[in-house]
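Look at the structure first.

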Amino acid sequence: MELWPGQPFPLGATYDGTGTNFSVFSEVAERVELCLFDADGTERRLTLPEVTAFIHHGYVPGVGPGQCYGFRVHGPWDPASGARCNPQKLLLDPYAKAVDGQVIWSEAVFPYRFDEGPNGPMSLSDSAPFMPKSVVTSPYFDWGDDRHPRHPWHETILYEAHVKGITMRHPDVPPELRGTYSGLASPPVLEHLHRLGVTAIELMPVHQFIHDHRLHELGLRNYWGYNSIAYLAPHNEYSSYGQIGQQVQEFKHMVKTLHAAGIEVILDVVYNHTAEGDEHGPMLCFKGIDNAAYYRLDPNDPRRYIDYTGTGNSLNMRHPHVLQLVMDSLRYWVLEMHVDGFRFDLAAALARELHDVDKLSSFFDLIQQDPVVSQVKLIAEPWDVGEGGYQVGNFPPLWSEWNGKYRDEVRDFWRGADHSIAEFAYRFTGSSDLYETTGRTPSASINFVTCHDGFTLTDLVSYNQKHNGANGEENRDGADDNRSWNCGVEGPTDDEAVNALRRRQRRNFLVTLLLSQGVPMMLGGDEIGRTQHGNNNAYNQDNEISWFDWGAADRQLLEFTRRLAKLRRHHPVFRRRRWFQGRPIMGEEVDDISWFTPEGRLMLPEDWQVSFARSLGVFLNGDAIAAPGPRGERIVDASFFVIFNASDSDIDYVLPPNEYADQWFEVLTTVPDDPDLGFPKPIVERFKPGDIINSAARSVRLLAGTDIYRDDD
């Protein structure tokens, strides 16, 4: 077989129509073998003939899409110095754009002899028969007139979902498409997302990942996918096409279809660690290519790995080739796969230069100056498990953040925990205390009550404790501090009073979320009452515990959520681009926002410090929206008055005086548990300024200064 020198760039396998260029970085390698596999598993080895700046490369004429390959790296095995080269181990290409197969767990995929331990002699067993293979792909795809929807942040509604979970039990998705990219892009799912008002779907990890050895031994799988091994490859198990490497085409088709429906695609990406674990873990890719370059090693004992993620290792974001891999991956997913943004798992780990989290780290510098990545939606999970890793509010101006403080405070408010209502007010209005001084807008706050990690919304109001027995860890895994409340009974009950309260609490959470300033993120399935039966860490439950049960969908809750999303979409006062000022705007007589006590007077500083306070009213002035529209036009909306009552008693509220509105119309209440779903009929109840209205225990009541239903018609 001919082998030409080829080129060092681009890294990975690049098909040009007549052959494929292969290129891989390794500073420690003495030589690198390219391993090509026939359909029957026959392996041919070719030593890459050229090395340019530690990049080993070669060009093979006649090799094209569908070709399976891997690398073997010859170099030192010296764990004491951090070097772990073992040519008996087939390695995935860090730049592989597709991967065929999964790891078949065997002692052979580990680089050391089990009888000697990870720092003893290297294993001489060939891992190729047990390893997935990298695949050469075709760059061609007919994108047609595909365009990024580019919804402005303040108009965005995020929906966190799992490719498999949302489709696996959907009765209207063809069986052969369930659990796949094509299933996610099928008409029944698109219709659901569209009617729900979703503008962006945030997909749980779709980079190629590995099912952990420990889970395999337990008969479980890594369902969530936070165990990446190939950062440019879409996960192959989500493909319905059935041909080697065709998951790339299927993923592109999914994105194109979602874009045509006006829905953006945001990927949850895991650049903080890989599936290789620590010194006891397998050798699949980076560990055998250049261990000391790709991973953070303990400087006092390079045999060991620094772990800021709780998974065994941390990628070495101080190394230029690791940074290059991450940036190349991000650009590839935007330019070639047309995704619209990223949510960075444990993003604080990416910002660690030496030890402390550094807002000015190289990673953020690269993002800031990159002409492609800087233009898409960037979301940080602003913490890791290392010391000083909780960094909510501390990311640079381009970034939005999962606002963990919003989640915690909203949960505490509705379960009746002792706290300051000032904290709730900050979260409801966009968390200016966290983001305003950093030059960011309310859209920096990704507001959420539930996410994949923790209870679903139904479980949040049904369980006080986690019930993770199915995970095989004797209920030790998962968070113990859930800030949940079971409404009086743990788990399912026939007590109708408890069930009614739970339904009301779900509506309270949804109203709070979708009327808050910032960007709302719903956990997929919450809108239909999905339960995980108290499991708050279902990462290894690739079964009915995690999959949406469409047959048991709560249709009333779904319709309530749809109407809420429509209310937010139609009324810009709930999704302002700029912060409230707490003063008159545009020559108005009243402030853009005002807070009221139940007695109908404006709240004083001392009112905010009452620890036992469980209720408050807020006036949102639709005539005082300072930020203009996209063409410079003035934005004017109805004014609203929201009453939050998280206490266990009814409270009478005095409505604001004449200067706030001449009359008030009922918009919604979370109290009724009937087909009207809390939204009034077309003929709505009208109130006068100063009227006393009842706010039921544990409820939200929303009024408008105009009949918005008639106005909407």
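How far does helix H7 reach from its first C-alpha to its last? H7 spans 22 Å, close to the 22 Å expected at 1.5 Å a residue. The model is predicted.

**Helix H7**
- H7 covers residues 320-335, 16 residues in total.
- The helix is mostly covered, with 12 of its 16 residues buried.
- Among the buried residues are His-321, Asp-328, Tyr-332 and Trp-333.
- Leu-323, Leu-325, Val-326 and Met-327 are also buried in H7.

**Aromatic pairs**
- The structure holds 48 aromatic pairs.
- Phe-344 and Phe-363 have ring centres 5.8 Å apart and planes at 70°, so this pair is edge-to-face.
- Phe-344 belongs to strand S19 (residues 341-344) and Phe-363 to helix H8 (residues 362-369), so the pair ties together parts 19 residues apart in sequence.
- Phe-344 counts as buried because its relative accessibility is 0%.
- Phe-363 is buried too, at a relative accessible area of 1%.
- Phe-428 and Phe-644 also form an edge-to-face pair, 5.1 Å centre to centre with 75° between the planes.
- That pair links distant parts of the chain, 216 residues apart: Phe-428 is in helix H10 (residues 421-428), and Phe-644 is in strand S26 (residues 640-645).
- Both Phe-428 and Phe-644 are buried.

**Charges over rings**
- Arg-343 lies over the face of Trp-402, 3.9 Å from the ring centre.
- Lys-377 places its charged end over the ring of Trp-153, 5.2 Å from the centre.

Methods:
Residues numbered from 1 in each chain as written. Predicted model: local features only at pLDDT ≥ 70, side-chain atom pairs only at ≥ 80, totals over all residues. Heavy atoms only, no water. Helix = DSSP H or I, 4+ residues; strand = E, 2+ residues; numbered from the N terminus. Expected span 1.5 Å × (residues − 1). Buried < 20%, exposed > 50% of the residue type's maximum accessible area, 1.4 Å probe, protein only. Phe/Tyr/Trp six-rings, centres within 6.5 Å; stacked < 30°, edge-to-face > 60°. Lys NZ or Arg CZ within 6 Å of the ring centre and 35° of its normal.
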